Amino acid sequence: MKMSFSLDLLLRDNIKRLVPYSSARDEFKGEASVLLDANENAFGSPYSKNYNRYPDPLQRRIKEKLYRIKGVPSENIFLGNGSDEAIDILFRAFCEPGRDNVILVPPTYGMYEVSANINNVLYKKVNLTHDYQLDLDGIAEAIDTYTKLIFICSPNNPTGNSIRRQDIETILVNFDGIVVIDEAYINFSKQPSFTKDLEEFPNLVILQTLSKAWGLAALRLGMAFAGKEIITVFNKIKPPYNINQATQDVVLEALEGVDIVNEWIKEVVEEREKLSVSLQMLSQVAHVTPSDANFILVKLEEPRELYNFLVSNGIIVRDRSKVELCEGCLRLTVGTPKENRMLLENIRAFYAVV
Ligand SMILES: Cc1ncc(COP(=O)(O)O)c(C=O)c1O
């Protein structure tokens, strides 16, 4: 149990003082037949469906459905225009540019660093260990009085492995700032989500997304789960109507598809394991990192040449061979069985394996 957490001490002063924008839909929430409060076009939209009214700023119906799926109450959910919006808001809420800092644990998702740079916030890098786990001593040494956020991605992108739960808990208990656990790939993992632990850790912010297992990347819907007070801060900072009505409509319907999503997850995990075994059988493959995600990091001979060969045959993977601790590696997203077969055939053809 964490005792010394104080949101007030962590927030930037301008955010503490901020009076949020009060939209027309904030000020009137009931049913009405004549809406003349938001300067909308009362005639309709030049489209088969009407989008002339501003959407619900707090996306209440989606949050109710998410509560049923994930067991996280609405008051603990923030919805953003992709998880990237939530990442950006974390910097704007907690990090005073040029003074505060955050800790990143590379190799990891690149957006934390980009967001830090956009917000002119310093970051300290504490590399993962060689088995892609947290360097707890290194992190403890890097923390100073101005460290506000630590980003941990689990399962981690681009390595695919989960970070040891015990180590994450050690940080949650000992760090007085915000611990962000990015669970974008949690649906593919055997590890449980941290969503059940929100009450125990007031400094915990969990990120998830509909862009991966849910197959809705184009809609841009990211989720942050946290204590009520942190969610209130997120809602204060976000643009008033950050999730558009078309996205809200489609997401509401798509969230009925839990069964098909669970089928896909099962299939992706099976395909991932098959693909991993087939790759390991190639003598040119030095290492396949055990994955809890929907991609595989594989260290192999001539990665750049193989990458170019695959591109020339219309198959695009991610070249991570120049990334520190991923030297010689390509990151392969698990596709459909047919796509995975094509990928393997092409890799075998490149190495002239018969
Ligand atoms: C770890 C991680 N977090 C977040 C994201 C972005 O998610 P979204 O599409 O919700 O912005 C990605 C996308 O690749 C990711 O790998």
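Two strands are taken to pair if DSSP finds at least two bridges between them, and helices (H or I, at least four residues) and strands (E, at least two) are DSSP runs numbered from the N terminus. The model shown in these views is predicted, with local features requiring pLDDT of at least 70 and side-chain atom pairs counted only at pLDDT 80 or more, whereas totals for chains, interfaces and linings use all residues. Residues are numbered from 1 along each chain as its sequence is written.

**View 1. Strand S11 and its bridge partners.** Arginine 318 has arginine 331 of S11 as its bridge partner, and aspartate 319 stands opposite leucine 330 in S11. Strand S10 and strand S11 (residues 329-333) pair in the antiparallel sense over 2 bridges, while S9 and S11 also pair in the antiparallel sense, over 5 bridges. Leucine 330 in S11 also has valine 298 opposite. Of the 5 residues of S11, 4 are buried, so this strand is largely enclosed by the rest of the structure; a residue is called buried if 20 or more other C-beta atoms, placed from the backbone, lie within 10 Å of its own, exposed if 12 or fewer, and partly exposed in between.

View 2. The open sheet has 4 strands in the order S8-S9-S11-S10, with antiparallel pairing. Its edge strands, S8 (285-288) and S10 (318-319), each pair on one side only. Helix H12 (residues 303-312) lies across S9 (295-300), S10 and S11, and runs at about 35° to S11; the axes are lines fitted to C-alpha atoms, for helices over the stretch in contact, and angles run from 0 to 180 degrees between N-to-C directions.

**View 3. The loop around glycine 335.** Glycine 335 is placed in the loop between S11 and helix H13 (337-350). Because glycine 335 has 17 C-beta neighbours inside 10 Å, this residue counts as partly exposed. Glycine 335 and valine 268 are 67 residues apart in sequence, with a C-alpha to C-alpha separation of 7.4 Å in space.

View 4. Strand S5 (residues 178-182) pairs with strand S6 (residues 204-209) in the parallel sense over 4 bridges, and isoleucine 181 stands opposite isoleucine 206 in S6.

**View 5. The contact between the two domains.** The domain assignment, which is automatic or from a database, gives domain 1 (7-256) and domain 2 (259-350). The contact takes 21 residues from domain 1 and 21 residues from domain 2, where residues are in contact if their C-beta atoms, placed from the backbone, lie within 7 Å. The C-alpha centres of domain 1 and domain 2 lie 29 Å apart.

Key: Contact = placed C-beta atoms within 7 Å.
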